[in-house]
Amino acid sequence: MPNTEQPFRLNWASFDVNERRSDAGSDLSIFVGDLAADVTDTVLDETFSSKFQSVKGAKVVIDSNTGRSKGYGFVRFGDENERSRAMTEMNGVYCSSRPMRISVATPKKAFGYQQQYYSQGRQASNGAVEQGLHSHNDSNNATIFVGGLDSNVSDDDLRQPFSQFGEIISVKIPPGKGCGFVLFANRA
């Protein structure tokens, strides 16, 4: 990233950059704890989506300083019954080399772009959590999330390196969040 030596994280945003969630209570996420260090978003997603069709996405929380997993994550469902089933059926099931600990993901406070979660006294970093209408599996989602941004990075600084990949509709950097969003005209 220009103007910084700090590494950054890049993945598909899990909601439209212009969308604001007004009903945080409709979120159907579960907290997944005790994850092995090698579990990625994809591994977690596949572990649940192979058994539950309504899985919308999965996110392993990464420490922004080390770039390593914090050992927990979240899985978002589209169906409340499947979420409830997953909480009982998947608790203690192995994901990689360790049994998972499952509980409800309780929204702490809604932000315009992201949301923090508490579960059994553990707090997620304020990295993006899968939410809203779009996920990394949605072929219509053309918004990317860029995490780990230095506070000095401007909208133009963020726009510049990504402009080579296609027409950019908008760039937004929420103040004080250490992340940004780039909305492309199309996903390709």
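1. Basis. This is a predicted model, in which local features need pLDDT of at least 70, side-chain atom pairs count only at pLDDT 80 or more, and totals for chains, interfaces and linings use all residues. Residues are numbered from 1 along each chain as its sequence is written, and side-chain values use heavy atoms, with hydrogens and water left out.

2. Overall content. The protein chain has 3 helices and 13 strands; helices (H or I, at least four residues) and strands (E, at least two) are DSSP runs, numbered from the N terminus. Of its 188 residues, 45% count as buried, where buried means under 20% relative accessible area, exposed over 50% and partly exposed in between (1.4 Å probe, protein chains only). The accessible surface comes to about 9500 Å², and carbon and sulfur atoms hold 45% of that; these areas come from the Shrake-Rupley method with a 1.4 Å probe, and for residues only the protein chains shown count as cover. Among contacts (heavy atoms within 4.5 Å) with a separation of 6 or more, 64% are between residues 24 or more positions apart.

3. The four-stranded sheet. An open sheet is formed by 4 strands in the order E3-E4-E2-E7, with antiparallel pairing; two strands pair if DSSP finds at least two bridges between them. Strands E3 (55–62) and E7 (101–104) stand at the edges with a single partner strand each, so one side of each is left without a neighbour in the sheet. From one strand to the next the twist averages 25°. Axes here are lines fitted to C-alpha atoms, for helices over the stretch in contact, and angles run from 0 to 180 degrees between N-to-C directions.

4. Helices on the sheet. Helix H1 (residues 41–49) lies across E2, E3, E4 and E7 and runs at about 145° to E3. Helix H2 (residues 80–89) also lies across E2, E3, E4 and E7, with an angle of about 145° to E7.

5. Strand E2. In E2, 5 of the 5 residues are buried, so the strand is largely enclosed by the rest of the structure. Both of its faces are covered: Ser29, Phe31 and Gly33 are buried on one side, Ile30 and Val32 on the other. In a regular strand the side chains alternate between the two faces of the sheet. E2 pairs with E4 in the antiparallel sense over 4 bridges, and 4 bridges also join E2 to E7, again antiparallel. Valine 32 stands opposite isoleucine 102 in E7, while phenylalanine 31 stands opposite phenylalanine 74 in E4.

6. Aromatic pairs. The structure holds 5 aromatic pairs. The ring centres of phenylalanine 31 and phenylalanine 74 are 5.9 Å apart and the planes are at 70°, so this pair is edge-to-face. Phenylalanine 31 lies in strand E2 (residues 29–33) and phenylalanine 74 in strand E4 (residues 69–77), so the pair ties together parts that are 43 residues apart in sequence. Phe31, Tyr72 and Phe74 are linked into a cluster by ring pairs. The criterion is that rings of Phe, Tyr and Trp (its six-membered ring) pair if their centres lie within 6.5 Å; planes under 30 degrees apart count as stacked, over 60 as edge-to-face and the rest as tilted.

7. Strand E11. All of 5 of the 5 residues of strand E11 (residues 143–147) are buried, so E11 is largely enclosed by the rest of the structure. Thr143, Phe145 and Gly147 are buried on one side, and Ile144 and Val146 on the other, which leaves both faces covered. E11 is joined to strand E13 (residues 179–184) by 5 bridges, and the two run antiparallel. Glycine 147 has cysteine 179 in E13 as its bridge partner.

8. Helix H3. Asp157, Leu158 and Phe162 are buried in helix H3 (residues 155–162). They cover an arc of only 125° around the axis, which puts them on the same side of H3; the arc is that of the directions from the helix axis to the C-beta atoms. Exposed residues Asp156 and Gln160 are carried on the face turned away from the buried side of H3.

9. Isoleucine 62. This residue lies in strand E3. Isoleucine 62 counts as partly exposed, at 22% relative accessibility. Its C-alpha atom is separated by 9.6 Å from that of threonine 40, 22 residues apart along the chain.
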